[in-house]
Amino acid sequence: MYLRASDKASGVENFHSAVGSKLIRRELVTKALRQGLTPRHGLEPLQFSYAKTLEKPLVVGLLGTGRQGLRLLAAVNPAFLAVKSIADIRPSNQSRAIEALLGIYKSKGWTTGDDVKKDVRVYDAYDKLLAAAKADGLEAVIIALPSHLHAKAALAALEAGLHVFIETPMALSVADAKQVARKAAEKNRILAVGQQRHYSRIYDHALEMVRLDLLDQVHYIRSQWHVAKPEKKEDKKKAKKEVRKPDDFKIDWWQEVPADESQVKFDGYDSPEELVRWQLYEKYSGGLLAELGSQLFGAAAMFVAATPNRDPQRPYPLSVAGTGSQILRGAAGDINDHVHCIFEYAIQGYVEDKFTPPKARKKIAVQFDLIIGNEFDGYGETVLGRQGSLVLENEQKAMLFHTSDVDKSLRVVEKKNTPGAPGIEVPKDGKADEESESLGRLALQGADAGFATELEHWAFCCKPPADNKAATKPRCDAEGGLYATVLTVAAAKAVKLETRVDFKKEWFDVKSDETPDQL
Ligand SMILES: NC(=O)c1ccc[n+]([C@@H]2O[C@H](COP(=O)([O-])OP(=O)(O)OC[C@H]3O[C@@H](n4cnc5c(N)ncnc54)[C@H](O)[C@@H]3O)[C@@H](O)[C@H]2O)c1
C-alpha cells in the first residue's frame with residue numbers, strides 16, 4: 001500500500017470523525033469528558049472496565065529485563081504493581097532495569113542502584129527468583145524471557161501459586177500451551193498473555209467500527225510485519241553511552257555482544273551471541289511466525305471475531321497455507337527471513353460439503369507477510385469491507401477511508417434501510433464532520449500501545465476490589481494464548497511441509513490432547 005502523508009492525515013481525521021460520531025463512540029467519549037478523565041488518569045479503566053486503583057498493589061517479580069522486560073517495567077503503574085524482585089542473566093540488562101526502577105519509584109526517594117537493591121531483590125537466573133518467591137512475598141510474576149523459556153517458567157511459577165503475566169508467544173508448542181493453561185486452571189491463578197493490542201484504545205475503537213459493520217461486510221484482512229536489518233555495524237562506544245528508550249518499537253535483533261559478556265558461559269545458551277540474538281534461532285524463538293506472527297494472528301483474530309458475518313459455530317480458521325524462505329543475506333541464525341501465509345475463516349452461510357466448489361463456500365481470507373529485508377509498510381493490518389477500508393499502522397495510528405478514496409473526508413451516517421446502523425458517506429461538498437472529528441481526536445489523545453493498561457487490568461483481575469462482584473478475566477487469557485499458539489504451530493507446519501493444513505477444533509480445546517505439534 002502506498003499512502004502519501006496527506007492521505008494518511010485524511011485517513012486519521014476520518015478515523016477520529018468515526019470515533020466521535022453518535023453512531024460509534026460519542027457516548028463513551030462524552031462520558032469521559034464529563035468525568036474529566038484523561039489518558040492514564042481514568043480513561044483506560046473506563047474504556048476497558050476496571051477500577052482506577054487497587055486496595056493494595058500486586059507484588060510482582062520480573063523475569064527477563066531485556067527489551068520487552070524494560071518496556072513493561074516502564075509501563076508499571078505503582079498503584080497497581082509493586083516490583084519486589086527482578087531476574088536477568090545478562091548483567092547489562094540487570095543494570096538497565098535498576099536504572100528504570102529508579103525512575104518509576106521516584107516517590108521512594110531512591111537515588112542510587114544500591115538504594116533500589118535494598119528494596120528490590122536482584123537475581124541472575126530466573127529459577128533463583130522463583131525459588132525465593134515466597135520469601136520475597138511475591139504474589140505474581142511477569143515473564144519476559146526468550147520465548148523457549150515461557151512455558152517452563154510459567155509452569156514453575158503457577159506451581160508455586162503465583163499469578164502469571166506471560167509475554168507472547170505463550171509457548172512454542174501447543175502441548176506446552178495446553179499444559180500451562182491446565183496448570184493455571186488447576187491452581188486457580190490468573191494467567192494473562194501479553195497481546196497488548198487487546199488493550200490499545202486505537203484497536204478498541206477500530207474493533208467497535210467492525211462490530212457495528214461500519215465497513216459493510218468485512219471480506220478480507222491483510223497483516224504485515226516488515227523488518228530491516230540495520231546495515232551499519234553498531235558503534236560500540238556510542239552504544240555504551242546511549243540510554244535505550246524502552247518505548248522504541250524498532251526491532252533490532254542484531255545487537256553486538258557487549259565486551260564484558262562476550263566470554264561468559266551463560267547457562268542454556270551455546271554462546272553469548274545466541275543469547276543476545278536468540279530471536280534469530282528457531283530453537284529459542286520459533287522463527288518469525290512465533291516472534292512476530294503470534295501477535296499479528298491474535299490481532300487479526302480480534303477483527304474476525306468482531307465481524308457480524310462471522311460463523312459463530314466456527315471461531316477457528318478452517319485452514320492455513322504458507323511459504324517460507326531464506327532469500328536475502330538476511331537474518332543470520334537459522335530462521336526464515338520471509339514467511340507468507342493465508343488463513344481461511346468461515347463466514348455465515350459456509351458450506352462444509354466438499355462437493356460445493358471452493359468459490360461458493362463463504363470464507364474470508366486473512367493474509368500475513370513477515371519479512372526481514374525492507375521495512376516498507378512497517379507493521380499492522382488492513383481490513384477491507386464493501387464500503388470502508390481500515391488501516392492500522394505500527395500500533396500508533398488508525399486510518400479510515402471510503403473504499404479507495406484515500407484523499408476524501410467521510411461522514412458516518414445511518415445506513416439506508418437500517419435505522420441506527422452506521423454507514424459511510426462521502427459528502428458531496430467535501431466537508432468533514434468537525435464536531436465528531438474533534439471529539440474523536442480528544443478520545444485518541446495520548447493513545448499508547450496498551451502495555452500499561454494490560455498490566456493494570458491483569459493486576460485488577462488478580463486482586464479485584466472486594467465490592468467487585470462480576471467475574472473478570474484478562475482479555476487475552478490462557479485460551480487466547482493457546483489460540484495464537486495453535487495458529488503459529490499450524491502455520492509453521494504448512495510452511496515446512498509445503499502443504500495446506502486443515503485445523504481441528506480439538507487443537508483449540510484445552511482438555512483435548514490433540515495438537516498439530518507432530519504433523
Ligand atoms: N508484546 C510485544 O510487543 C513484544 C515485543 C517484543 C518482545 N516480546 C516478547 O518478549 C520476550 C522477550 O523478548 P525481548 O525482545 O525482550 O528479548 P531480550 O533478549 O531483549 O530479553 C530477554 C532477557 O531474558 C534474559 N534471560 C535469558 N535467559 C534467562 C534466564 N535463564 N534467566 C534469567 N534471564 C534470562 C536475557 O538475558 C535477556 O535480557 C519474547 O518472548 C518476545 O517474543 C513481545
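The questions and answers below walk through a predicted model, from the surroundings of its ligand to its domains, strands and helices.

Reader: Which residues come nearest to the ligand in this model?
Author: The shell around the ligand is made up of 10 nonpolar, 12 polar and five charged residues. Of the 27 residues found around the ligand, those that come nearest are G64, G66, Q68, R90 and E167.

Reader: Which helix gives the largest share of the shell around the ligand?
Author: Two helices, one spanning 67–74 and the other 287–306, each supply at least two residues of that shell, and they are α4 and α14. The largest share, which amounts to three residues, comes from α4.

Reader: How many of the eight residues of α4 are buried?
Author: The buried residues of this helix are R67, G69, L70, R71, L72 and L73. Among the elements that cover them are β1 (58–63), α5 (91–104), β4 (140–143) and α16 (451–462). The helix α4 is thus described as mostly covered, and the number of its eight residues that are buried is six.

Reader: How far apart do the C-alpha centres of domain 1 and domain 2 lie?
Author: The domain assignment gives domain 1 as 5–36 + 204–227 + 289–445, and domain 2 as 236–283. The distance between the C-alpha centres of these two domains is 34 Å.

Reader: How many residues of domain 2 are in contact with domain 1?
Author: On the side of domain 1 that touches domain 2, the residues divide into four nonpolar, two polar and three charged. Nine residues of domain 1 take part in the contact, and the number on the side of domain 2 is seven.

Reader: Which residue of β11 is the bridge partner of Q224?
Author: Strand β11, residues 379–384, is mostly covered, with five of its six residues buried. Strand β7, residues 220–227, runs antiparallel to β11 and is joined to it by six bridges. Within that pairing, the partner of Q224 in β11 is G380.

Reader: Which residue of β12 stands opposite T382?
Author: A hairpin leads from β11 to β12 through three residues. The two strands β11 and β12 pair in the antiparallel sense over five bridges. Opposite T382, the residue that stands in β12 is V391.

Reader: Which residue takes a positive phi in the hairpin of β12 and β13?
Author: Strand β12 (residues 388–393) and strand β13 (residues 397–402) run antiparallel and are joined by six bridges, and in β13 the bridge partner of G388 is H402. The hairpin has three residues between its strands, and the residue with a positive phi, near 50 degrees, is N394.

Reader: Why do the buried residues of α15 line one face of the helix?
Author: In helix α15, which covers residues 434–444, the buried residues are S436, E437, L439, G440, A443 and L444. Seen down the axis of α15, these buried residues line one face because they fall within an arc of 165 degrees.

Reader: Which residue with a positive phi follows α15?
Author: The helix α15 takes in residues 434–444. The residue that follows this helix with a positive phi, near 65 degrees, is G446.

Key: Residues numbered from 1 in each chain as written. Predicted model: local features only at pLDDT ≥ 70, side-chain atom pairs only at ≥ 80, totals over all residues. Near = placed C-beta within 6 Å. Helix = DSSP H or I, 4+ residues; strand = E, 2+ residues; numbered from the N terminus. Nonpolar A, V, L, I, M, F, W, Y, C, P; charged D, E, K, R; others polar. Domains from an automatic or database assignment. Contact = placed C-beta atoms within 7 Å. Pairing = 2+ DSSP bridges. Buried ≥ 20, exposed ≤ 12 C-beta atoms within 10 Å, placed from the backbone. Arc of directions from axis to C-beta.
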